[in-house]
Amino acid sequence: MPSINILIVEDELNLLQLTKKYLIRERYQVFTAHNGAEALQIFDNKAIDLIVLDLMLPDISGYEIGRRIRAYSDVPIIMLTARSEVQDKLEGFDSGADDYMTKPFSPKELLARIKVILKRNKKLLATSKYTHGNFEFCTESNSVYIESRPLSLTPGELDLLYYFILNRNITLTREQIIDRIWGFDYDGDIRTVDTRIKRLRRKLRDADINIETVRGIGYRLEEKS
Ligand code: CA
């Protein structure tokens with residue numbers, strides 16, 4: 001199972017370091033950003049599973065980052081706010097936050113919320129099978145079926161498909177795909193991703209799931225109704 005990548009966006013360095021240390025101890029892979037621009041850049045290039053997002057940042061506000069990310073991704077967001085006004089909380093949810101925490105908070109509480117949200121979002125991790133229509137993916141045996149007929153996939157294609165299923169209905173950028181499947185030291189052509197997806201898509205042509213191209217961004221696994 002690949003590690004879980006968490007992005008912390010916070011300009012208060014002490015709080016950032018403390019939270020990072022705590023999450024690393026819990027075996028999460030942690031990325032950090034000190035401002036909004038950095039956060040968006042990391043998000044578009046890494047396979048981030050959850051964002052801890054401070055509301056007050058030196059450049060783009062947490063609300064705005066949340067809104068921009070929500071335009072193309074369902075990644076869970078926990079918003080951090082220094083103030084406790086109800087309005088902030090409401091606005092926080094408006095910008096797509098899944099949860100919010102008022103500062104000061106304990107890292108332990110943050111961890112508890114992260115665990116709840118990840119569990120809710122990665123339902124597949126708890127089950128051994130994903131099915132949609134005529135399509136079936138058994139995670140224990142790593143086998144795929146269409147209309148109960150086994151589909152022959154390479155280990156790379158299985159990894160890629162599994163990553164798409166975990167993030168179904170969510171757009172993944174090419175950079176995220178490269179990062180998750182081949183790791184950050186991969187320096188092949190980005191078109192390798194397109195080629196692999198084309199091949200996988202061909203194998204899935206009779207399935208009730210589909211890998212759609214999202215122009216200018218990447219790809220999304222869609223469940224046909
Ligand atoms: Ca701040």
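Let's start at the calcium ion, where the protein donors are Asp11 (OD), Asp54 (OD) and Met56 (O), lying 2.1 to 2.3 Å from the ion. Keep in mind, everyone, that this is a predicted model. Along the chain, the calcium donors follow the spacing D-x42-D-x1-M. The two aspartates bring distant parts of the chain together: Asp11 sits in the loop between β1 (5-9) and α1 (13-25), while Asp54 belongs to strand β3 (residues 50-54), 43 residues apart.

Are those two aspartates buried or exposed? Asp11 has a relative accessible area of 31%, so we call Asp11 partly exposed. Asp54 has a relative accessibility of 2% and counts as buried, because the cut-off for buried is under 20%.

Now a step back to the whole chain. The secondary structure comes to nine helices and 12 strands. Of the 225 residues in the protein chain, 47% are buried. If you take the contacts between residues at least 6 apart in sequence, 57% of them join residues at least 24 apart.

One helix I'd like you to look at is α3 (residues 62-70). Its buried residues are Gly62, Tyr63, Ile65, Gly66 and Ile69. Looking down the axis of α3, you find the buried residues within an arc of 165°, so they line one face of the helix.

Strand β7 (residues 135-138) and strand β8 (residues 143-146) run antiparallel and are joined by four bridges. Together β7 and β8 make a hairpin with four residues between them, and Asn142 in the turn has a positive phi of about 55°. On its other pairing, β8 goes with strand β9 (residues 149-151), again in the antiparallel sense, over three bridges. Val144 stands opposite Leu151 in β9. The hairpin of β8 and β9 has two residues between the strands, and Glu147 there takes a positive phi near 50°.

Which residue is its bridge partner? That is Cys138. Leaving aside neighbours within four places in sequence, Ser143 is in contact with Glu136, Phe137 and Cys138. The side chain of Ser143 also makes a polar contact of 2.6 Å with the side chain of Ser141. With a relative accessible area of 17%, Ser143 is buried. Further along the chain, Leu158 is 15 residues from Ser143, and their C-alpha atoms are separated by 8.2 Å.

Last topic, the nonpolar cores. The largest one has 28 residues, and those with the most contacts inside it are Phe135, Phe137, Leu161, Phe164 and Ile177. At least two residues of this core come from each of β7, β8, α7 (155-166), α8 (174-182), α9 (191-203), β11 (209-214) and β12 (218-223). Which element gives the largest share? That is α7, with eight residues.

Beyond its neighbours within four places in sequence, Phe164 is in contact with Leu172, Ile177, Ile197, Ile211, Tyr219, Arg220 and Leu221. Apart from this core lies another, of 21 residues, among them Leu7, Leu40, Ile48 and Ile51.

How values were computed. Residues are numbered from 1 along each chain as its sequence is written. This is a predicted model: local features need pLDDT of at least 70, side-chain atom pairs count only at pLDDT 80 or more; totals for chains, interfaces and linings use all residues. Side-chain values use heavy atoms; hydrogens and water are left out. Two strands pair if DSSP finds at least two bridges between them. Donors are N, O and S atoms within 2.8 Å of the metal (3.2 Å for Na, K and Ca); water is not among the atoms, so sites may look incomplete. Buried means under 20% relative accessible area, exposed over 50%, partly exposed in between (1.4 Å probe, protein chains only). Contact means heavy atoms within 4.5 Å. A polar contact is a pair of N or O atoms within 3.5 Å; within protein, one must be able to donate a hydrogen and the other to accept it, and residues adjacent in sequence count only if both atoms are side-chain atoms. The arc is that of the directions from the helix axis to the C-beta atoms. A nonpolar core is a set of buried Ala, Val, Leu, Ile, Met, Phe, Trp, Tyr and Cys residues joined through side-chain atoms within 4.5 Å.
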